Amino acid sequence: MSAPKKIAQRSLLITSAALLTVSGLAPSAFAAPKPSGSPTAAPPARMSQVGGARLGVPGTQVNLAPGVPVLPKGLTARSWIVTDAESGDVLASHNAHWRLPPASTLKMLFADTVLPRFPRDQRHQVVPADLAGIGAGSSMVGIKENETYTVHDLWLGVFLRSGNDAVHVLSAMNGGVAQTVRDMQAHADALQAGDTHVISPDGYDAPRQYSSAYDLTLFARSGLQKKDFREYCSTVRAKFPGATTRKGKGKPTRETFEIQNTNRLLSGDADTSVYPGIAGVKNGNTTNAGATFTGVAERGGKVLLVTVMNPEKHEHDEVYKETAQLFDWGFKAAGKVKPVGVLVPPLNATPSAQPSGAPSANVTGAQQGTGSEPVQGATAQSRGSRGAGTAVAIAAGLLVLLGGGAFLVNRRWPLPDLMRRRQRP
């Protein structure tokens with residue numbers, strides 16, 4: 001192809017990407033249709049290309065080159081993704097857009113949606129209707145009817161014990177489960193999480209409820225912008241209110257009991273060590289979903305997000321072991337590996353003037369998001385559809401506003417209060 005044709009083609013891609021971002025058409029342009037049934041045993045041949053064409057290709061996507069460490073051997077998860085939490089670069093992925101049951105990792109979307117709506121010191125007395133409809137065998141923190149809890153208490157129950165009872169109480173405060181599900185779906189759509197279909201606010205197994213490793217990472221990254229979210233997801237243990245008791249004619253007393261975070265990379269386990277620099281985020285486990293987990297960790301000035309869904313190897317804490325391996329790889333590869341995609345900005349983000357000294361969103365940055373080197377598990381489909389992915393990557397590199405604060409997605413989105421910067425209990 002001649003140089004003038006290449007320049008014209010690049011100009012067209014840049015213009016198209018900008019129009020897609022402003023008009024909100026990017027997800028519909030690159031998202032695969034929602035499936036009508038349960039996830040298949042193998043990833044579909046056609047998946048969403050949000051964030052880059054490579055992310056829609058089945059199999060492992062990584063740009064191996066001299067100096068780039070080889071991915072860990074023995075990974076068995078159906079889907080996983082390693083991203084730079086602050087730049088949004090996808091360093092490597094495996095079936096990133098495969099729509100799978102999310103289990104309690106969906107609580108990240110619940111928290112990102114509902115957490116800002118109630119002050120943490122607001123008090124709520126639980127009535128029986130608040131606890132109606134909780135699925136059999138759900139994880140519970142131990143909410144009692146007719147007892148009063150602060151919003152702070154309830155969120156500790158959600159994050160530390162993955163309490164579906166706490167989720168249902170907060171949903172009742174938010175107008176009910178049905179309203180909360182609608183709110184969560186609307187928020188997922190605004191985050192360009194097109195793989196996600198919400199049925200239950202707590203992630204309990206339900207027909208046609210699914211998400212993806214890519215979408216769960218979007219939820220974590222958005223939630224981590226909120227100070228309370230960061231605090232709750234990085235809390236190792238806390239005191240939780242129990243039942244009110246009265247002995248004889250004495251004054252009523254409220255018992256407390258300790259709850260510990262079930263994220264084993266944060267709290268540790270018999271055969272799982274606390275991961276250095278870990279700062280959250282959320283784990284899950286149900287019959288249909290298997291084990292799922294999204295974690296954030298910081299090392300050497302780099303902040304990474306790793307999501308792992310449903311390891312086929314059913315050893316104890318396997319989801320955490322595979323996550324730790326991917327973290328180790330990501331920290332070694334960061335700055336060396338060319339990204340295969342990017343985490344897209346929210347739809348409600350609006351273009352803004354570029355800050356002084358920031359590089360412009362150009363085709364070079366976009367090419368870094370899709371990569372040009374051989375891919376593990378790649379097919380001709382990845383090469384044939386690379387143009388669309390380039391447009392998405394360029395769109396993701398535009399300057400946008402989120403919550404009143406400007407950020408450049410392909411530059412940095414700071415996460416200021418991670419666990420490493422706080423004193424662990």
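Helices are DSSP runs of H or I with at least four residues, numbered from the N terminus. The model toured here is predicted.

**First stop: Lys107.** Select Lys107, which lies in helix α3. With a relative accessible area of 1%, Lys107 is buried, because buried means under 20%. Displaying its surroundings, and leaving aside residues up to four places away in sequence, one finds that Lys107 touches Val158, Ser162, Gly163, Asn164, Val167, Asp202 and Lys282.

**Second stop: helices α3 and α4.** Select residues 107-114 for helix α3 and residues 151-161 for helix α4; their axes come within 11 Å and cross at roughly 160 degrees. Because angles over 145 degrees count as roughly antiparallel, α3 and α4 are roughly antiparallel to each other. The crossing of α3 and α4 is left-handed. Show side chains to inspect where the helices meet: Lys107, Phe110, Ala111 and Val114 come from α3, and Trp155, Val158 and Phe159 from α4.

The whole structure contains eleven salt bridges. Begin with Lys226 and Asp112, whose closest N and O atoms are 2.4 Å apart. Lys226 is in the loop between α7 (213-223) and α8 (227-233), while Asp112 is in helix α3, so this pair ties together parts 114 residues apart in sequence. Lys226 is partly exposed at 24% relative accessibility, whereas Asp112 is buried at 3%.

Proceed to Asp183 and Arg117, a salt bridge with its closest N and O atoms 2.6 Å apart. Asp183 belongs to helix α6 (residues 177-190) and Arg117 to the loop between α3 and β4 (123-125), so the pair ties together parts that are 66 residues apart in sequence. Asp183 is buried, with a relative accessible area of 14%; Arg117, at 40%, is partly exposed.

Next, select Arg120 and Asp228, which form a salt bridge with a closest N and O separation of 2.8 Å. Arg120 is in the loop between α3 and β4 and Asp228 in helix α8, so parts 108 residues apart in sequence are tied together.

**Last stop: Glu318.** Finally, select Glu318 in helix α10 (residues 318-333). Glu318 is buried but has no salt bridge, and the nearest side chain of opposite charge, Lys313, is 4.5 Å away. Beyond residues up to four places away in sequence, Glu318 touches Thr76, Pro311 and Lys313.

Notes: Residues are numbered from 1 along each chain as its sequence is written. This is a predicted model: local features need pLDDT of at least 70, side-chain atom pairs count only at pLDDT 80 or more; totals for chains, interfaces and linings use all residues. Side-chain values use heavy atoms; hydrogens and water are left out. Helices (H or I, at least four residues) and strands (E, at least two) are DSSP runs, numbered from the N terminus. Buried means under 20% relative accessible area, exposed over 50%, partly exposed in between (1.4 Å probe, protein chains only). Lys and Arg count as positive and Asp and Glu as negative; His and the chain ends are not counted. A salt bridge is a side-chain nitrogen of Lys or Arg within 4 Å of a carboxyl oxygen of Asp or Glu. Contact means heavy atoms within 4.5 Å. Axes are lines fitted to C-alpha atoms, for helices over the stretch in contact, and angles run from 0 to 180 degrees between N-to-C directions. Angles under 35 degrees count as roughly parallel, over 145 as roughly antiparallel, 65 to 115 as roughly perpendicular and the rest as oblique. A crossing is left-handed if the near helix is turned anticlockwise from the far one by less than a right angle, and right-handed if clockwise.
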